[in-house]
Structure formats: C-alpha cells, structure tokens
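Keep the sequence and the 3D view side by side as you read.

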Amino acid sequence: NMSSLKRIVSGTISGVVRNFLNLIIIIISLPVYLSFWKVELYGIWVLIFSIVGLIKLPIFTYQEYLQNEFLKIGQLNRSEVSKLVFGSIFITLIILFFFLILSLIVFESLTILKVLNVDQKYYEVIQISIFFLLSSEIIAYIVGILSRALYPFNYYPRIHWLGLLIVIIVPIFQLISLFYGFKLIEVSILTFITTNFLNFIFLIYLLKLIKKENIKYKGLFIAKNINHFQKSFYLLFGNFVTLIKNEGSRLIMIPFVGAIQLVAYATMKTANNMVKQLFNSFSNSLLIEFSGYINKKNKESFIKSYTFLNVMLGILIIPIAFIMQIVISDLFSIWTKDKIQFDNILFASMTISFLIMIYYQPAYLIIKSRNMFIEEMKISIIISAIFIFVFIFFVERYSIRGAGYALILTEMVACFYFFYYSNKWLKQNFIQFSKKQQSYCFIDLLISSLLILLIANNPTDYIKLIFFFLVYKIVYSLYLFKILLKNIILNFLNLTK
C-alpha cells in the first residue's frame with residue numbers, strides 16, 4: 001500500500017507529465033496541420049473544437065461536482081458511492097444524447113454558423129464533425145464518473161497515468177492521419193473510433209476495480225441524482241463567470257493599452273499559467289488525501305498536510321519566485337526573440353497573486369472537498385465582479401501594470417472569502433487552522449512580496465536586495481522550524497497510509 005506522500009508525488013508527476021505533453025502536442029500540431037490544410041480549414045477545425053467544448057461544459061462541470069461529492073462521501077460509505085455512481089452515469093448519458101439531438105437540430109437551422117461568419121460550403125462538414133466529436137465522448141464520460149468514484153479509494157495515481165495514454169494517443173493518431181490526406185470529417189470519425197476504443201479498454205479495467213472495492217449496483221436513484229445534477233449548475237455558473245473574467249479582461253484592455261501591450265500581457269499570462277498548472281497537479285493530488293483525512297477525522301494528518309503546504313510556501317516556493325524575478329526578463333527575451341517587451345512590475349504582480357493563491361490553498365481545499373458549491377459560486381461571482389471593476393480602474397490609470405495590481409487585489413479578496421467560509425465549516429465540524437501558523441505565514445508572504453516588488457523596480461541594483469532576502473529567509477526559516485518543532489509537526493515524511 002502506497003503511503004499518502006508517495007501517492008501525492010505520483011499524482012503530481014502524472015499531472016506535470018500530462019501538462020508537459022499537452023504543451024508539446026500543441027506546439028507540434030500547429031505547423032503539421034498548416035502544412036496539410038489551408039489556414040481556413042484549420043480555423044474551422046479550431047472553431048469546431050470550441051463549439052464542442054462549450055456544449056460539453058455542463059457535463060464537464062457535473063463531473064467536477066461529482067468528484068467533490070465522491071471525496072465528501074469518502075471510502076467509508078460504499079452504499080452512498082453506489083447510489084451516486086450508477087444513477088449519475090445514467091443521467092450523463094441522457095444529457096449527452098439530448099445534446100446530440102440538440103446539436104443536429106440547432107446546426108440544421110444554421111443561424112449560429114451565419115452569426116459566426118462561416119463559409120456556406122463548410123456547414124454540413126461542421127455539423128457531421130460536431131456529431132462525431134460529441135459521440136466520441138460517450139464511453140469517456142462513464143470512465144470519468146467511475147474514475148472519480150475510485151479516487152477516494154487511493155487509485156487516483158494509477159488512474160491518472162492510464163488516462164494519460166488516451167490524452168497522448170488520440171492527438172498522435174489525428175496528426176498521423178493528416179499524412180494520409182484526411183480532412184475534417186475523416187479526422188472526426190477517426191477521433192470517434194480511437195477515443196471510444198481506448199476508453200472501452202479503460203472501462204473494463206475500472207469495472208474490475210469497482211467490483212474489487214465491492215461497490216454494488218443498488219438502483220439508479222433518479223430523483224436523488226437529478227437533484228445532484230441541478231446542484232452542479234452552481235459550479236457551472238461559477239466556471240462561466242470565471243471564463244468571462246479571463247476572456248473579458250483582454251477585451252477590456254484593448255482600448256486602454258493597445259494591441260502590442262495586449263500581446264505582452266497575454267504572453268506573460270501564458271508563462272504564468274504554466275507555473276500555475278504545475279502547482280495544480282500537486283494541489284489536485286493533495287485534495288484527495290486532504291478530504292480523506294477529514295472523513296476519517298484524522299486531525300494529526302490534517303494539521304501535518306497544511307503545515308507542510310505552509311512550510312513549502314515559505315522555504316521553497318517563495319525563494320524560487322524571488323530568483324525567477326531576477327532571471328525571467330532574460331529568459332523572456334530569448335523565448336519571444338526580443339519581439340515582445342517585458343514588464344518587470346507586471347510579472348512581479350502576477351507572481352505575487354500566484355503566491356497568495358498558494359497561501360489560501362488549504363482553505364480552498366476545504367471548500368472543494370466538502371463540495372460547498374454555493375459558497376464556491378458566491379466567491380466566483382464576488383471575485384469576478386470586483387476584478388472587472390478594479391481592472392478597469394487600474395488599467396485606465398497604470399496601463400498594462402494595472403492589470404497586475406488588479407490581480408493582486410482580487411486574490412486578496414479571494415483569500416479572505418476562502419478562509420472565511422472554510423473556517424466557518426471547520427469550527428462547526430472539525431478543527432480550525434492554527435491562527436498562529438497562518439499569521440506567521442501571512443507576514444512572511446507580505447515581506448517577501450514587498451521584496452519581489454522592490455527587485456522588480458530596481459532590476460539592475462539587486463545585489464543588496466538578494467543579500468537582504470537571504471538573511472531574512474534564513475532567520476524566518478529558523479524561527480518557523482523552532483515553532484513547528486515545538487509542536488513536533490514535521491514528521492510529515494513518515495506519514496503512512
């Protein structure tokens with residue numbers, strides 16, 4: 001039996017590998033497609049994927065909701081898991097068939113494609129492709145639900161590694177097919193066949209695990225599961241608002257900063273997102289263990305795991321962020337071949353907002369693992385509203401740097417709300433976060449953020465700042481360890497299952 005730590009490491013590595021391979025596939029795909037297809041055809045392919053992505057959003061969110069719900073139930077209550085699994089598969093299939101029929105009807109009337117300004121000769125091609133790409137997910141959704149039901153039973157690293165194969169094999173098949181002169185419809189049919197075939201093999205394996213874990217069919221509990229599907233709309237709304245926030249910010253910026261600076265912002269955001277994705281791989285694995293601790297009322301492991309996060313932030317992540325600040329501008333100019341101007345302050349602001357996000361991670365994990373979807377939706381709405389308002393205010397005054405200031409401010413508000421709601425729940429049901437520990441880490445975050453801003457402001461004169469940062473970090477680390485060793489919380493590494 002793997003220990004918690006091994007599972008977290010394995011889950012994290014599989015997530016990192018997945019992101020890395022995804023990135024490589026994106027980088028390779030573009031030139032390959034463009035050497036076989038006209039730009040217009042490739043544009044239609046991208047459009048088709050965007051449409052399919054939008055149609056799939058409710059089902060995707062429903063799966064996200066189910067994952068949180070499975071984690072909340074945990075491994076101790078198999079009959080509850082069973083009530084949720086089979087009924088939600090049934091409901092997902094009904095929704096998918098409804099979407100398939102809907103897509104045929106909607107794209108039959110074609111007004112949508114007129115609005116999107118698509119050439120008439122592609123109408124039928126788009127309709128057939130969308131139908132095949134949606135149908136290629138039929139088995140994948142069953143697999144998705146079974147996988148998530150098995151997460152609390154500690155299978156998630158294994159499931160992630162197997163899922164990785166499908167993520168890689170399908171795009172590779174698509175690319176190979178281009179050499180044989182495949183166009184939109186053929187590639188869509190190929191996707192339909194390969195995705196369903198691979199997922200079918202995966203499905204057989206997962207059903208074996210379900211049987212092994214003794215999760216037996218007890219009925220569909222349709223009313224109960226429809227109720228769950230309705231609740232997932234809170235998350236859907238939150239996801240949608242976040243999407244508007246991310247895409248909207250670019251639209252809002254254009255009149256204030258102009259196209260060149262917008263490209264700079266988007267490119268720097270891309271660099272920032274890569275780092276975020278790395279962290280998310282770790283966070284998603286931790287989430288599964290974290291909710292296990294709460295379900296088993298395992299206070300010791302719960303304290304250890306968020307202490308571990310805090311220590312990592314102070315002793316590993318912040319120093320890396322500080323060093324990045326010094327070397328990033330040179331790396332950036334190599335990456336963009338000196339064509340896009342780098343803004344130190346904007347990057348520092350993005351870094352700081354990312355550090356705040358890591359700081360409130362333990363609170364965020366509580367909201368997720370308890371499936372507090374209403375609170376999550378409230379936070380999404382509040383944050384997005386504040387962001388857009390603050391964003392316009394700052395960008396108007398400070399141009400592109402204003403976007404960075406808006407990010408910091410929004411993450412601070414998010415931090416407040418996540419801790420507010422999670423502490424409220426913890427106080428009633430479990431143990432609260434250690435106020436002492438959280439405040440030490442907050443002060444550290446504050447001082448470090450100031451130093452990061454200072455170094456961004458004086459990129460040439462940084463020797464003194466580095467020296468000061470080093471001394472400060474050493475003193476802080478010693479102090480932190482002194483507090484922690486007093487409570488002997490640091491035997492996190494021998495944390496067994």
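Helix H11 (residues 344–359) packs against helix H15 (residues 435–457) at an angle of about 170°, and their axes are 9 Å apart. The two helices are therefore roughly antiparallel to each other, a label for angles over 145 degrees. This is a predicted model, where local features need pLDDT of at least 70 and side-chain atom pairs count only at pLDDT 80 or more, while totals for chains, interfaces and linings use all residues. Residues are numbered from 1 along each chain as its sequence is written, and side-chain values use heavy atoms, leaving out hydrogens and water.

**Two helices in contact**
- Helices are DSSP runs (H or I, at least four residues), numbered from the N terminus.
- Axes are lines fitted to C-alpha atoms over the stretch in contact, and angles run from 0 to 180 degrees between N-to-C directions.
- Among the H11 residues that meet H15 are Ile345, Ala348 and Tyr359, and the H15 side includes Phe442, Leu445 and Asn457; contact means heavy atoms within 4.5 Å.
- The contact of H11 with H15 has 12 nonpolar, four polar and no charged residues.
- Nonpolar means Ala, Val, Leu, Ile, Met, Phe, Trp, Tyr, Cys and Pro; charged means Asp, Glu, Lys and Arg; the others, Gly among them, are polar.

**Aromatic pairs**
- The model has 41 aromatic pairs, meaning rings of Phe, Tyr and Trp (its six-membered ring) with centres within 6.5 Å.
- One of them joins Tyr62 and Phe229, at 5.0 Å centre to centre with 80° between the planes, which makes the pair edge-to-face (over 60 degrees).
- Tyr62 lies in helix H2 (residues 39–73) and Phe229 in helix H9, so this pair ties together parts that are 167 residues apart in sequence.

Definitions and conventions:
Parallel < 35°, antiparallel > 145°, perpendicular 65-115°, else oblique. Phe/Tyr/Trp six-rings, centres within 6.5 Å; stacked < 30°, edge-to-face > 60°.
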